[in-house]
Every structure is written in C-alpha cells, then in structure tokens.
Amino acid sequence: MTIGFVIGESKPTMVRAQTARPLAVGEYVIIDSTEKKILGLVEKSSVSSAAFADVQNYEEAFESKEIAESNIRDKSYISNIGILGFLDGLKKGTPVLPAIPPIPGTAILTATKEDLGVIFGPNEEVWIKIGKLLRNNTIDAKINLDKIVSRHLGILAMTGMGKSNLVALITKEIAKLKGTVIIFDYHNDYTFLDIPKINVIDAKINPRLLDADALSEVLEIRENANVQQRVLRVALTQTVKESKEFWNKLEREVDIIINSDDKKEKENRNSAYRVKDKIDDAQHRFADILDPDMGYPLSFIKEGRANVINISELSEKQANVALAFYLQELLRDRKESSAAKNRRSKKQRDYKFEWPIFVIVEEAHVFIPKERDTTAKYWAAKIAREGRKFGMGLGIVSQRPRSVDLNVLSQMGSFAIMKIIQEDDQRQIASATESTSRELITQLTSLNVGDAILVGQWVNLPSLVHIEEVKEKKTGSDQSAVSQWASGKKMDGIAVESTQDLIQKDLLLE
Ligand SMILES: Nc1ncnc2c1ncn2[C@@H]1O[C@H](COP(=O)(O)OP(=O)(O)O)[C@@H](O)[C@H]1O
Ligand SMILES: [Mg+2]
C-alpha cells in the first residue's frame, strides 16, 4: 500500500518523505525504487499544520482549529528515512546499498509480513523468537542464538526496564534446546524461575582451591594489610590445602609464625594473631559460604540445563572471588573439552562440559568495573577474547554501562539495550557498538518497559522490538508496598483479635 512519496533532496543513504499519516520512529517502510525495492527505517518524524504555523494568539488558534479540520491539505507529515539496503539482498543476509539515490516521487509503501518476515524472523532452528517488532507489531522478532554463544551478549538498561526478563527468556529457550546456561545471580532474581529442571546452586567457596590472595579477600583481610597477607601466604602451604582438617591445619601454621623465635617473625606476631582471629571468625561468620569439604564446584553444575548460581549471600569481595574462580574453571574446562575433541587418542575424560555453554554475569559494573582491576574482570576479559574458540559465550548485564570496563563491553558481539536516560551511559554504549546503530541509540530515552534496541550479530539488522514478558518469573518484579502494607494491616487485625480473645478468655478464667 502506498503511504507516501520521496520528496526534496535524496541521498543514497537517506530520503525525506511526505506521507499520508505520521510515521513512527523505528518503523520499517519500503521505498519502491525503479531499480529494486529498498528497505528503509524511519529515523525522524514530524507533523505540522499550515493553519497553525503562525498563530499569534488564542483567538487565532481557536479559528485555526476549524480551518485545519476542514482543509485536507492542512497537515504535513514529514519523515527522514534511513536506507538499509535493497530488500532482496537483505532477505539473503547481504545488505547492498543503492549507488543512486531514490528519485523524488518514488512511492513509499508499508512493509508487509512477506517483506520483513525473512529478515527479522528467519525460519531456522538457531533463530528463536523473543518478541515482535515494536513499530511493525505483526512481525516476529527473532535472535540468532549461535551468535551470542560464539560472540557474546551485552544487556544494558536502567533498573526495571526488563533486563532480567530478557535473561530469563533466553535462558528458557536455551534450556528447551538442551543447552547449558549458567547465571550468576547476585540479587536472587532467578532462583524461582519456572524452567523445567532448573538447577539452583547456593554458591560456596572451597578455601582449599584458592590462592593466598583470594583467600585473604574472602577472609576480609584488608587490601593494605601487607604483613597479614604475607602471614597468610606463608601459612597456606600445599600440605594445609591437602590436609583433612583444613582450618585447624591453617591455624597451626599461623601458630608456628606466632611462636617463632626468629627476630623478624617476632615483629610480625601481632599481625599473625590478627590473621588467626580472622580465620577463627570466618569459620563462624561464613560457615555457610566457606566449605573446605565441598566437592569440586563445577560438579554441581548440570550440563544441558539452566543453572542458577546464587551468590546473593556473599559479600561483594567474596562474590568476586567465587565468580573469578568459576569463570577460570569454566574456561579451563571448555579448553580441555575442545582439545579432547581434536585429539585422536582417547585419553581419560578430564573435563565436565561436552558442549558449548553460555554464562551470564549480572551487575557487570560491580564485577567487571571500569576503574579497578578485579580477578573476575581478568577472567571475564579473557573469556570475551578467547571464549569463541572454545564454545563459551558470555552475557553481561548492567544498569550502569558507564561503569563497565569498555574493553570487555566492546568485545560483546551483540547488544540488547532498553531505556537509558543518562548521557554518560549512552555515550559508553555508542562507543561499544558499531556506528550504524547510533541513530537508533538516540531513541533510548523514549522506550517503555520491555522495549529494546537489538544490534550486532544476533540480528540481521539493527531493530527496535518489544520483548515478550516471561510470565512465570515469580520474583524480581516490583513489589507493591501498598498491597503489602494492606495485608500487613490485616494480619495486625488478626493478631489484635486473637490477643483480645485471649484477654477475654483470661478474664473469663478469673
Ligand atoms: N518485556 C516485558 N513486557 C512487559 N513487562 C515487562 C517486560 N520486561 C520486564 N517487564 C516487567 O518490568 C519489571 C522489571 O523487569 P526486570 O526484568 O526485572 O528489569 P531489570 O532487570 O532491568 O531491572 C517486572 O515487573 C517485569 O514484569
Ligand atoms: Mg534485573
């Protein structure tokens, strides 16, 4: 259906159009060029009324309204339409831009399902549906799962805009395909996710598996307490690590330093006492978190399932240690696994995961921060660089993109970006994504909950979509304080009634 015409000066990358109705920014249209059909994306849209163009006062405005209503030529709907390429090329996944700008007078047509379906929702198994195009809402929006496992994914938006919902949706779909997903859940958002056979693991740390630096972080020895750190380094011997009684043995090693006659060690005695206190303390305070007798941490993760590693009970430092440990081990495991596939001779299997895995890190600005070096960041960066070769995809999620390490962020091959108002955040996203999507990024402030801009390798074209809501997700959603107060009041009522009951009974008894 013809909805307008190219007007004014056109370029090979952009045309202006006058249309019969106002077009929505983000809407796809067809430019019916004589050469071949061209796909365009509405990037700017404006409406004006001749009658209202030069209104000076209320009376004029009042009269203009009548004139405007009776004059079919009154309104002007102008839009800027970015040219994405020839339609047939895009359908085959090879965008070709026209060399010659569309001639003014060329018709603008509505894009049909037939035009867009193949581009945004290809019918192949690697493409899964995550919603509909926001402005052409009869068209399914699909993403290519292979690309996020091989080239990583960034999910960025303000709080409450639907990041976790998208994570849940993707996780659900991967689990359906018997793929392995591992989510590091810092806010206990995913443990109640209604996914068949979901595997929830309370993160624990096995202190035997840590080096002295990591252990001192876990024990909350201050970063600048150099002597304490040295004491721990000396005490944490291989024998201690392998001993049955890890904590006792570790304390005994510290005792040796405390009781030493060595002049130098004597100076360190106070620090050694403090380390001993810390070890003592940790066994009580972190009894649920530090477990020298737990098995190998990866053994709790299940292949072919959605795994949620609950790190919500851990302090930020502990979570960082745990995350770094898991990331390091997962990468090592995938390397072993890939190496075994290439080996002819059958060595005994010394890895856990046979097939590719997808790992999701929430709160990326905490664990992969811009201005500090953390061990988790070191491993995340390594996975971002090398994961592709070993079938290990990384998904990073953050509500503060400006504070996420740019190096890691720019390694993400695909992005879902929901509403973001802060300009610093937008700037960071623009530098992490390719230049073609910058026009869409200007739309970020006007998105609603669940609306997202998808860019990168997981889509054929940058697109504006509305993501489906995963209804079964039971937590993480905004809680209504008012309804909770109300039910709290009801409970109070019951409590009062029952105490009055008791009082009355008491009175009766007297
Ligand atoms: N695609 C969507 N459609 C409708 N509602 C959504 C959608 N995504 C999220 N929501 C709602 O918005 C709220 C916050 O979503 P959530 O995914 O937890 O946001 P975030 O992780 O970005 O803070 C939830 O109550 C959820 O139900
Ligand atoms: Mg969230």
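This report describes one protein chain, from its overall build down to single residues.

## The model

This is a predicted model, in which local features need pLDDT of at least 70 and side-chain atom pairs count only at pLDDT 80 or more, while totals for chains, interfaces and linings use all residues. Residues are numbered from 1 along each chain as its sequence is written, chains are lettered from A and ligands numbered from 1 in the order in which they are written, and side-chain values use heavy atoms, with hydrogens and water left out.

## Overall build

The protein chain has 18 helices and 17 strands. Both are DSSP runs, numbered from the N terminus: helices are H or I with at least four residues, and strands are E with at least two. The domain assignment gives domain 1 (2-111), domain 2 (142-204 + 295-467) and domain 3 (207-285). Such bounds come from an automatic or database domain assignment. The centres of domain 1 and domain 3, taken over C-alpha atoms, lie 71 Å apart.

How does the radius of gyration of the protein chain compare with that of a compact globule of 510 residues? The chain has 30 Å, while the globule would be near 24 Å. The radius is taken over C-alpha atoms, and the globule rule is 2.2 Å times the number of residues to the power 0.38. Along the principal axes, the C-alpha atoms fill a box of roughly 100 × 90 × 45 Å.

## Surface, contacts and charge

Of the 510 residues, 50% count as buried. Buried means under 20% relative accessible area, exposed means over 50%, and partly exposed is in between (1.4 Å probe, protein chains only). The protein chain exposes about 26300 Å², and carbon and sulfur atoms supply 50% of that area. Accessible areas come from the Shrake-Rupley method with a 1.4 Å probe; for residues, only the protein chains shown count as cover.

Contact means heavy atoms within 4.5 Å. Among contacts between residues at least 6 apart in sequence, 71% join residues at least 24 apart. The chain carries 71 positive and 73 negative charges, and their mean positions are 6 Å apart. Lys and Arg count as positive, Asp and Glu as negative; His and the chain ends are not counted. Each charge is placed at NZ of Lys, CZ of Arg, CG of Asp or CD of Glu.

## Two positive phi angles

Most residues other than glycine have a negative phi. H152 has a phi near 70 degrees, a positive value. H152 is found in the loop between helix 4 (145-151) and strand 9 (153-156). Its relative accessible area is 1%, so H152 is buried.

N188 also has a positive phi, about 55 degrees, although it is not a glycine. N188 sits in the loop between strand 10 (180-185) and strand 11 (199-202). Is N188 buried or partly exposed? N188 is partly exposed, because its relative accessible area is 28%.

F192 is placed in the loop between strand 10 and strand 11. F192 counts as partly exposed, at 48% relative accessibility. From F192 to A61 is 131 residues in sequence and 57 Å in space, C-alpha to C-alpha.

A175 is in helix 5 (residues 163-176). With a relative accessible area of 15%, A175 is buried. Which residues does A175 contact, leaving aside its neighbours within four places in sequence? They are I195, G304 and A306. A175 and S414 are 239 residues apart along the chain, and their C-alpha atoms are separated by 20 Å.

I128 lies in strand 7 (residues 127-133). I128 counts as buried because its relative accessibility is 7%. Beyond its neighbours within four places, I128 is in contact with A141, K142, I143, L145, E173 and L177. I128 and A141 are 13 residues apart in sequence and 8.4 Å apart in space, C-alpha to C-alpha.

V459 is in the loop between strand 16 (451-456) and strand 17 (463-467). V459 has 10% relative accessibility, so it counts as buried. Leaving aside neighbours within four places in sequence, V459 is in contact with W127, K142, I143 and L454. V459 and G179 are 280 residues apart in sequence, yet 20 Å apart in space, C-alpha to C-alpha.
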